[in-house]
Amino acid sequence: MDLAFIPSPSVGVVHLGPIPLRGYAFCIIIGVFVGVWLGNKRWVQRGGRSGTVADIAVWAVPFGLVGGRLYHVITTYEPYFGPNGHPLDAFKVWEGGLGIWGAVALGAVGAWIGCRRRGIPLPAYADALAPGLALGQAIGRWGNWFNQELYGKPTDVPWALKISSDPAIGRIGGTYHPTFLYECLWCIGVAALVIWADKRFRLGHGRAFALYVAAYCAGRAWIEYMRVDEAHHILGLRLNVWTALIVLVLAVAYFVVSAKKAPGREAVVEPGAQPAEGADGAAAEDADHADHADDAKVSVEKPSSKAASEDDGETKTEAGADAADGASESATDEPGDKKAGDATDAPAADAAKPAGSGSTKKP
């Protein structure tokens, strides 16, 4: 007898007249809003404009939904394109089946388009959005609880998940590991880890996003291993376990290479926006030192320039005074000079005349 367990909802959809309200869809929508809200808050802290994250999410979210559904349909094609499959069911997203791998991959394409239109570097946008993505996944996983899907192996632990039987889809009732809850708690931890590491080490150039991917994949690998739903296996492991391990290695490699090639953090993340306070430690300090140096230079140059101007003025004034005195002396001495010149120059001029030139003076 089970003394304690987590009950599953009896229904996953409530009809409001002709409009169905599905718990799975509500969880996805709430997760998106929380992710965008947190992403916008972090974007503003990085120096971006409020509302930019939501504008780019208009591109990223639809691409992500399509990518998530494509990954699920491709990797679990039997219910849709296998024997007795129903191809049109591939469009019934509300019934569940969104692969996070395809959602992030194609969602990144949509985000790249939105960033390119705004002149924003995609890595900086991804860094701001990373914890919000993790929280959005944590909330979205509760959609699996509403649909009674993606649970783990049978167990009798106090936190076991109670699943009702449904012969129509081959579901066997009992208590199972609540893998949706494990992943929800893991994603909350990933979000906290990224926020802490980003503040502590000032991650930039996509490294906060890489940390989110690596941390999520590390948890997804062991959680995926516990699941009992049908899946393709490669070398004894579920396909998604291999996907998690491969993506984990790629994320760690990017983190290491990026730290070597582009240390620090972007100083400006959005054209026309002001740099965040201390956006790039070294760059900010260098800018402050440069500003102080410029101020000191201006304060030093201004007096010297003034002194030089005064010296030039004095020199010009003295030169002008000398010139004026010279002109005055020339003006006063000119008649006397001429008289003296006439008196002294006349005998010399006459003496210079040769004999017989008509001079009337006697020797």
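Leaving aside its neighbours within four places in sequence, glutamine 148 is in contact with Ser8, Pro9, Lys162, Ile163, Ser164 and Arg171. Keep in mind that this is a predicted model.

**Around glutamine 148**
- You'll find glutamine 148 in the loop between helix H6 (142-147) and strand S3 (161-163).
- Glutamine 148 counts as buried because its relative accessible area is 8%, under the 20% cut-off.
- Proline 9 sits 139 residues away from glutamine 148 along the chain, yet their C-alpha atoms are separated by 8.0 Å.

**The nonpolar cores**
- The largest nonpolar core has 24 residues, and Trp101, Val190, Val194, Tyr212 and Tyr216 touch the most other members.
- Helices H4 (100-118), H5 (122-140), H7 (179-201), H8 (207-226) and H9 (239-261) each give two or more residues to this core.
- H8 is the top contributor here, with nine residues.
- Take valine 194: beyond its neighbours within four places in sequence, valine 194 is in contact with Ala130, Pro131, Ala208, Leu211 and Tyr212.
- There's also a second, separate core of 14 residues, with Trp43, Cys115, Ile120 and Tyr125 among them.

**How H1 meets H2**
- The axes of helix H1 (residues 23-45) and helix H2 (residues 52-75) come within 10 Å and cross at roughly 145°.
- The crossing of H1 and H2 is right-handed.
- On the H1 side, the meeting residues are Ile28, Val32, Val36, Gly39, Asn40 and Trp43; on the H2 side, they are Thr52, Val53, Ala54, Ala57, Val61 and Leu65.
- This H1–H2 contact is made up of nine nonpolar residues, three polar and no charged.

Terms used
Residues are numbered from 1 along each chain as its sequence is written. This is a predicted model: local features need pLDDT of at least 70, side-chain atom pairs count only at pLDDT 80 or more; totals for chains, interfaces and linings use all residues. Side-chain values use heavy atoms; hydrogens and water are left out. Helices (H or I, at least four residues) and strands (E, at least two) are DSSP runs, numbered from the N terminus. Buried means under 20% relative accessible area, exposed over 50%, partly exposed in between (1.4 Å probe, protein chains only). Contact means heavy atoms within 4.5 Å. A nonpolar core is a set of buried Ala, Val, Leu, Ile, Met, Phe, Trp, Tyr and Cys residues joined through side-chain atoms within 4.5 Å. Axes are lines fitted to C-alpha atoms, for helices over the stretch in contact, and angles run from 0 to 180 degrees between N-to-C directions. A crossing is left-handed if the near helix is turned anticlockwise from the far one by less than a right angle, and right-handed if clockwise. Ala, Val, Leu, Ile, Met, Phe, Trp, Tyr, Cys and Pro count as nonpolar, Asp, Glu, Lys and Arg as charged, and the others, Gly among them, as polar.
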